[in-house]
Amino acid sequence: MKIIVVATIVCVLYIQNSAAQTLASIRGKVVEATSEEPLTGVSLKISALNILAETNLKGEFILENIPVGNYTLQLQFEDFEGQDLPINILENKPYDLGTVFLQKAIIEKYETSLIVLTDEDLLDEEGKTSDYIAGLFQSSKDAYLQAAAFNFSQAWFKVRGYDSSYGTIAINGIEMNKLYDGRPQWSDWGGLNDAFRNQEFSNGIAASDHTFGGILGATNFSTRASDYQKVKKISVSSTNKSYTGRAMATYASGWNKNDWAFVVSGSRRTAQEGYVEGTSYNAWSGFLAAEKRFNKKHSLNFTAFATPNKRGKSSPNTQEVYDLKGYQYNAYWGNQEGDKRNSRIKEVFEPVLMLSHFYERENTKITSTLAYQFGHIGNSRLGYFNAPNPDPTYWKNLPSNFLRFPDSPDYANAYLTEQEFLKNGQIKWNELYQVNVDNGNSLYYLYEDRVDDTQFSAKSLINTKFTENLNFSGGVNFKNLKSKNYANMLDLLGGNGFVDLDQYALGDAQQNDLNNPNRTVVAGDTFQYNYNVNAFTTSAFWQVQGTQRNFDYFLGMNAKSTNYQREGLFNNGTYFENSFGKGEKQNFMDFGIKGGATYKITGRHLVTLNGAYTTNAPTIKTAFSNSRVNNSTTPDLTSEKIVTGDVSYVFRAPKIQSRLTAYYTRFSDAIETSFFFAEGLLGDQADFVNEIITGVDKKNMGAELSFEYQVLPTVKLMAAGSVGQFTYSNNPQLYLISESFSDLNSNFGTAYLKNYHLSGTPQRAYSFTFEYRDPAFWFFQINANYLTNNYLDISPLLRTNNFYLDSDGVPFLDDETGLQVTQDQVDHLLKQEKFDPTLLVNAVGGKSWKINGYYLGFFMGINNILGELFKTGGFEQSRKSNYPELKQDKQLEKPIFGPKYWYGGKTSYYLNLYLRF
């Protein structure tokens, strides 16, 4: 590995030194946009060349010794809107920018909090999740990425169909993606919009100065105190989404006379009830950064932030339930003593402490960061033992239950059940308490699935210039995680205790912990399952970026070692042989390589080509087949392989900026998992199971368009589009793992998924935007967005031989023909649902005033102005897992186990008022 790295660098150095070394200069003048008065002391920065300068008394500047290449010239001035100007140096001669106009920054940007509101981590009783986390793409990107962030995100749009785990999110270089599932936990820094504004972003597999990155891109948030503009700011917001109100305050000192810089920020977000019924929201956020500059080369920065938050979840529902109760209905809450009590509360409290050292000299910068994160995540839910299911939408509580026999429908009870559901279709807390009081021990209880993580991370990064036209980046990092996982009893709901047994198992298998049989549990006790996972990762990357007259390029490599080990603290009765104690360590060695090139046809016409091959270790979630009850690992466990590439044509002119990109990505050996209750297993058995699919291959390909046209200084038109096709490309293996019956653990063989569409995102999206910015400091923007080709998440279990073969291995007989089921009949019954297209119209505008040195302003956004009702996601239920049962259910006017859906919200608003001084 070392030989390859050294040889590559030597070759690149040779090529670079063989090229002609041409140096140029950049000159220009910066003035205030309205008065055209020159601005003195405007900060000028070219990060790629470590060049810093300021304008003189006449607002003029000149930057010398600029090599051939493409750069971004950043202009920053206090109380003015900054500008990022693309610079293309083609030859050794002066580059004259002319006059650059800066506008006073008295209108706040349309904040990204507008899209973070969908970060609900929606989880239903079957373990299905929306898989959507917004916020990766921010407003400073091109028209397409802006549309993906602000407009398409309402429909859970995923750029290129990629899960958020394929994007690297870092804070001061420390990767924040969870080892459990690879995704960032955005709630860990939610509500700190001002504190996390400074960022570096790379799109897709493009070069990044701070990490190797994922195929979705890389974002690094910098909390270095000296990077913040000196400011005092307070703001209040009102909305009708997840929360209804927010207050925020931020103070940044800049450097003081003792070479200290400080930043303090905090916010409060709250809702008695959000847009969906019964969804409360209670969040606090606090942030502190302090930097000490020892000399020109060394400084030390300390960062601490914590965001304790609790929020009520909302349920996905069948269409029958939505038709009866409306599209804001939520099955997770019920009235208790006049309050709406939600049984599904997600609580997140994971504080982070960071210490960063910065070393800088003329051509080299070294950043080293230590980080410590601790705290917990809890997801509450109702449990029950040998008692009726308390879920108000349980199939026996719905009218369709009494109409499931077409030959003898019970219309009377169907009507009575419908009226009861319309009147009292929520959790009946008082009845649950009464049952427990009457019984003594609790038959109903409230508990939480709890994760207490303690993680130590470290990273050291170097950025240096080998020559004027060749930059090098490299870094090493590691993580050490101890994750405690257990069920925590929250409330016995009026009972005296709960006996810790598995209601589905028999005999000794009922014992959740054989070391403490028949244990009575009270509030605050650990029960059901209890285990630790220890994880350790180390990685290193390097990257070179070169610039020549008509050709830019980069090349990077990454290597990563990952190991996991489970330690069971309970001796499970079903899996007594391998549930208690430490399991075998799981080790993975992964690597990646990526590269890209840009050919500059002219200064306005460019072509870029990028490609990558990378492998990703299984996450903790996918590495273990059922970590709650045993040490067993997933069958056929191996790293995922990814091959990806994209080619882009870029056109840049004074008034037009555009990009057209085509991409192709192939995933191999992926693992997918889910939990659900299934009937019709191996003929006629039923149980709560973990479904594992191994060797999954997927194919994502498509094209993206970004277009911006500055019609007038005040008017801009923007267009964006994405056309994709995301499908399964093979037929993987499917396994079911039962929590209660080891004899149900089985390889169900091939899951016939090839050519089915991947779910969770519209695969085609188009946007058109009109923007007006007035010199009198107000702006207005309206956009229309058309989203289509969004598909229902399919059930892999329904696409195995189990679906159409009886327990004797012979195909089921069709109840209509009396003949064996044919493939055409199976395909017709399992046709994947495609959601209706959606047209979303949004608007945003704002105004600001300067009053005696104070900046007062507001902006307001309105989403889905037309009030469109649309499905954002959903999934097939796997409960009816064979042909006769599913066909019978689908033939009903109101299927009992039809798909469950999420719907997008109707018209919503976000209003922000701020004062800056």
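1. In this note, helices (H or I, at least four residues) and strands (E, at least two) are DSSP runs, numbered from the N terminus. The model under review is a predicted one. By that definition, aspartate 636 falls in the loop between helix H7 (620-623) and strand S33 (640-652), and its phi is positive, at about 55 degrees, although the residue is not a glycine.

2. A second residue of this kind is tryptophan 156, which is not a glycine either and has a positive phi near 60 degrees. Tryptophan 156 belongs to the loop between helix H3 (143-151) and strand S8 (167-171), and with a relative accessibility of 7% this tryptophan counts as buried, the cut-off for that word being under 20%.

3. Turning to the chain as a whole, the secondary structure consists of nine helices and 45 strands. A compact globule of 917 residues would have a radius of gyration near 29 Å, and the protein chain agrees with this because its own value is 29 Å. The C-alpha trace spans about 90 × 65 × 55 Å along its principal axes.

4. Of the 917 residues of the protein chain, 55% count as buried. Among contacts with a separation of 6 or more, 71% are between residues 24 or more positions apart. The accessible surface of the protein chain amounts to about 38100 Å², and carbon and sulfur atoms contribute 54% of that area.

5. How many aromatic pairs does a search of the whole structure find? The search gives 41. In the pair of tryptophan 189 and phenylalanine 196, the ring centres are 6.4 Å apart and the planes stand at 40 degrees, so this pair is described as tilted. Tryptophan 189 is buried, with a relative accessible area of 6%, and phenylalanine 196 is likewise buried, at 7%.

6. Phenylalanine 498 and phenylalanine 527 make an edge-to-face pair, with 5.9 Å from centre to centre and 75 degrees between the planes. This pair links distant parts of the chain, since phenylalanine 498 is in strand S26 (residues 498-499) and phenylalanine 527 is in strand S28 (residues 526-547), 29 residues apart. Both of these phenylalanines are buried.

7. Elsewhere, charged groups sit over rings: the charged end of arginine 293 is over the ring of tryptophan 255, 4.0 Å from its centre, and the charged end of lysine 698 is over the ring of phenylalanine 667, 5.5 Å from its centre.

8. To which strand do 10 bridges join S40? The partner is strand S41 (residues 838-851), and the two strands run antiparallel. Asparagine 783 has asparagine 842, in S41, as its bridge partner.

Note on methods: Residues are numbered from 1 along each chain as its sequence is written. This is a predicted model: local features need pLDDT of at least 70, side-chain atom pairs count only at pLDDT 80 or more; totals for chains, interfaces and linings use all residues. Side-chain values use heavy atoms; hydrogens and water are left out. Rings of Phe, Tyr and Trp (its six-membered ring) pair if their centres lie within 6.5 Å; planes under 30 degrees apart count as stacked, over 60 as edge-to-face and the rest as tilted. Buried means under 20% relative accessible area, exposed over 50%, partly exposed in between (1.4 Å probe, protein chains only). A charge sits over a ring if NZ of Lys or CZ of Arg is within 6 Å of the ring centre and within 35 degrees of the ring normal. The radius of gyration is taken over C-alpha atoms; the globule rule is 2.2 Å times the number of residues to the power 0.38. Contact means heavy atoms within 4.5 Å. Accessible areas come from the Shrake-Rupley method with a 1.4 Å probe; for residues, only the protein chains shown count as cover. Two strands pair if DSSP finds at least two bridges between them.
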